[in-house]
Amino acid sequence: MSESQQHAEGTRTPARRGGGDPATRGRTTIADGVVEKIAGLAAREVLGVHAMGSGLARTLGAVRDRVPGGGRSATVTRGVKAEVGEVQTALDLEIVVDYGVAIADVARSVRENVISAVERMTGLEVVEVNIAVSDVKLPDEEDEEEGAEPRLQ
């Protein structure tokens, strides 16, 4: 075999099987819980967000965290509800803010951070992020999670 034949054979591209772009073969679905976790973590990163969820949800979550198998997963998604479609998602967040912060500014920052994180990580378009401020954490208030006595010993 001549050098030119070896060179020509060495540069051959392998035949494609299955046809088409591999990225278009199949479907990717993203569960509501995945989007809820991403949104929950992104919301907690914002300065001025003290906690997520209503007082009752936080209290029940604190009890659940103490039960074996309760897991951190429930804590991350507390106060977050997602509706996920094929290409879009909508989110509802319930937050507790620290006393003294400008609530409108915190809500804007939460919305921006959540949209950025969810769109970057999932590729879904976030069509809305509704934020409900359910409480304000006062400086002299004890956290419900920290102050709650365990019911079981």
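Tutor: Gladly, and let us begin with accessibility: a residue is buried under 20% relative accessible area, exposed over 50%, and partly exposed in between, using a 1.4 Å probe and protein chains only. Keep in mind that this is a predicted model, in which local features need pLDDT of at least 70, side-chain atom pairs count only at pLDDT 80 or more, and totals for chains, interfaces and linings use all residues. Residues are numbered from 1 along each chain as its sequence is written, and side-chain values use heavy atoms, with hydrogens and water left out.

Student: What makes R108 and D105 a salt bridge?

Tutor: The term asks for a side-chain nitrogen of Lys or Arg within 4 Å of a carboxyl oxygen of Asp or Glu. Between R108 and D105 the N to O distance is 2.9 Å, so the pair qualifies. By this rule the count comes to one salt bridge.

Student: How do you know that R108 and D105 are about one helical turn apart?

Tutor: They are three residues apart in helix 5 (residues 103–122), which means a separation of about one helical turn. Helices here are DSSP runs of H or I with at least four residues, strands are runs of E with at least two, and both are numbered from the N terminus. By that rule the protein chain has six helices and four strands, in the order α-α-β-α-α-β-β-α-β-α along the sequence.

Student: How do you know that the span of helix 2 agrees with its number of residues?

Tutor: The expected span is 1.5 Å times one less than the number of residues. For the 13 residues of helix 2 (residues 32–44) that gives 18 Å, and the end C-alpha atoms are 18 Å apart, so the two agree. Among the buried residues of helix 2 are V35, I38, A39, A42 and A43.

Student: Why is T122 called buried?

Tutor: T122, which lies in helix 5, has a relative accessible area of 15%, and that is under 20%, so T122 is buried. Contact means heavy atoms within 4.5 Å; leaving aside neighbours within four places in sequence, T122 is in contact with I30, V35 and I38.

Student: Which backbone atoms does the side chain of T122 reach within the limit for a polar contact?

Tutor: A polar contact is a pair of N or O atoms within 3.5 Å; within protein, one must be able to donate a hydrogen and the other to accept it, and residues adjacent in sequence count only if both atoms are side-chain atoms. A polar atom of the T122 side chain lies 2.5 Å from the backbone oxygen of V118, and the T122 side chain reaches the backbone nitrogen of L124 at 3.1 Å.

Student: What makes a set of residues a nonpolar core?

Tutor: The members are buried Ala, Val, Leu, Ile, Met, Phe, Trp, Tyr and Cys residues joined through side-chain atoms within 4.5 Å. The largest one has 24 residues, and L91, L93, V110, V114 and V118 have the most contacts inside it. Helix 5 gives the largest share of this core, six residues. Not counting residues up to four places away in sequence, V114 touches A39, A42, A43, L91, L93 and V129. In soluble globular proteins, nonpolar side chains tend to be buried together.

Student: How do you know that strand 2 and strand 3 pair?

Tutor: Two strands pair if DSSP finds at least two bridges between them. Strand 2 and strand 3 have five, in the antiparallel sense, so they pair. V80 stands opposite L93 in strand 3, and a hairpin joins the two strands through three residues. Strand 1 and strand 3 are also antiparallel, over three bridges, while strand 3 and strand 4 are parallel, over 11 bridges.

Student: Why does V126 count as buried?

Tutor: V126, in strand 4, has 9% relative accessibility, which is under 20%, so V126 is buried. Its contacts beyond four places in sequence are T89, L91, I115, V118 and E119.
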